[in-house]
Amino acid sequence: MNISDLKENTKHGTDSFPVALYDSRWPITHQWHNEDEFIYMVEGEAEYNINGKRILLKEGRCAFCGGFKLHSMMTEGKEKIHFKALLCNRSYLFAAEDICNKYFDRDIRELFRDEIMEERLIIEAVKNVCALMEDRPFGYELKAKKALMDIYLTIAEKDLFESDLLPARTPQKNILSAIEYIHTNFFRKIYIDYLAELTGYSTAYFESFFKAYMGKTPSEYIMLYRLDTAKRLLGETDMSVTEIAQSCGFANVSYFIRSFRRAYQTTPYGYRKKLNP
């Protein structure tokens with residue numbers, strides 16, 4: 001298993017304007033891409049995971065994930081989420097030999113909070129670029145590029161970088177095979193012993209390592225991934241509840257309905273009805 005297997009292949013923006021905005025209400029499965037990503041949480045809250053570092057992203061806050069970093073965003077199922085994801089290839093702003101790159105030899109801060117003035121500047125600037133990308137007024141590409149440059153300038157001026165004293169990140173390599181297997185085989189019965197074997201660890205150490213990296217046990221993560229997939233299918237397809245239960249790896253529809261209600265405080269039928277009143 002290589003990290004390249006989790007690379008997102010979607011092209012973000014165009015060759016001449018590699019900036020893209022996504023308005024979403026669905027969790028993000030583990031992936032990485034070349035572009036920097038700013039995520040503004042419009043509603044709800046979720047756990048944003050960057051290279052194993054877990055961040056609670058609340059409404060009104062903004063997260064940043066640098067390009068080439070493995071990341072995901074998962075919910076606990078207690079409330080809906082709505083966020084805007086702004087992606088930009090930094091090489092569009094600073095070429096490889098650009099002298100401006102010297103200002104970014106440290107990792108940019110991964111969470112911006114609206115209650116802190118310097119960080120609020122970044123949040124408001126990100127919201128401004130999102131509005132430009134949505135409304136597309138005359139010259140929006142020029143305005144968006146200038147606004148993005150101003151965001152990075154503010155980050156450098158205000159020293160909004162991660163502390164050098166932060167503990168080292170957990171290595172990604174061994175756990176990727178387990179994550180990829182879950183994502184491609186969630187509709188089947190998954191054995192924790194087999195996941196451990198894929199990583200080369202003992203079952204006990206694998207479970208401990210997985211919980212430390214993901215914030216959830218392997219079984220909890222498998223269930224959450226199945227339920228998040230079911231939510232997406234309920235909202236985006238006409239599949240029956242029974243078909244969705246089977247396609248998401250639940251032994252029977254009754255168990256699926258109980259698990260869904262426990263996680264989201266509503267039944268699959270109720271959730272679909274709420275989406276399509």
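Which side chain meets Asp107 in a salt bridge? I looked it up in this model, which is a predicted one, and the partner is Lys69, at 3.5 Å from N to O. The pair links distant parts of the chain, 38 residues apart. Asp107 sits in the loop between helix H1 (90-93) and strand S9 (111-112), and Lys69 sits in the loop between strand S6 (62-65) and S7.

**Entry: cover on that pair.** Asp107 comes out as partly exposed, at 39% relative accessibility. Lys69 counts as buried, because its relative accessibility is 14% and the cut-off for buried is under 20%.

Entry: How many salt bridges does a search of the whole structure find? I got 17.

**Entry: Glu43 and Lys80.** I have both down as partly exposed: Glu43 at 29% relative accessibility and Lys80 at 48%.

**Entry: Glu119 and Arg113.** Here I read 2.8 Å, N to O, for the salt bridge between the two side chains. Glu119 is buried, with a relative accessible area of 0%, whereas Arg113 is partly exposed at 27%.

**Entry: the strand that holds Glu43.** Six of its eight residues are buried, so S3 is largely enclosed by the rest of the structure. Which strands does S3 pair with? I found S8, running antiparallel to S3 and joined to it by seven bridges, and S6, also antiparallel, over four bridges. Glu37 shows up in both pairings: its bridge partner in S8 is Leu87, and in S6 it stands opposite Cys65. A reminder to myself: strands of a sheet pair through backbone hydrogen bonds, either parallel or antiparallel.

**Entry: the whole sheet.** I traced the strand order as S1-S8-S3-S6-S9, an open sheet of five strands with antiparallel pairing. Which are the edge strands? They are strand S1 (19-24) and S9, each pairing on one side only. I then looked at what lies across these strands, and it's helix H3 (residues 140-157). H3 lies across S1, S3, S6, S8 and S9, and runs at about 95° to S3.

**Entry: a surface patch.** I noted a nonpolar surface patch of about 300 Å², made by Tyr191, Tyr194 and Leu198. Where is Leu198 found? It's in helix H5 (residues 192-199). Is Leu198 buried or partly exposed? I have it as partly exposed, with a relative accessible area of 32%.

Definitions and conventions
Residues are numbered from 1 along each chain as its sequence is written. This is a predicted model: local features need pLDDT of at least 70, side-chain atom pairs count only at pLDDT 80 or more; totals for chains, interfaces and linings use all residues. Side-chain values use heavy atoms; hydrogens and water are left out. Patches are made of residues with over 30% relative accessible area and no salt bridge: like charges are joined within 9 Å, nonpolar side chains (Val, Leu, Ile, Met, Phe, Trp, Tyr) within 5 Å. Accessible areas come from the Shrake-Rupley method with a 1.4 Å probe; for residues, only the protein chains shown count as cover. A salt bridge is a side-chain nitrogen of Lys or Arg within 4 Å of a carboxyl oxygen of Asp or Glu. Helices (H or I, at least four residues) and strands (E, at least two) are DSSP runs, numbered from the N terminus. Buried means under 20% relative accessible area, exposed over 50%, partly exposed in between (1.4 Å probe, protein chains only). Two strands pair if DSSP finds at least two bridges between them. Contact means heavy atoms within 4.5 Å. Axes are lines fitted to C-alpha atoms, for helices over the stretch in contact, and angles run from 0 to 180 degrees between N-to-C directions.
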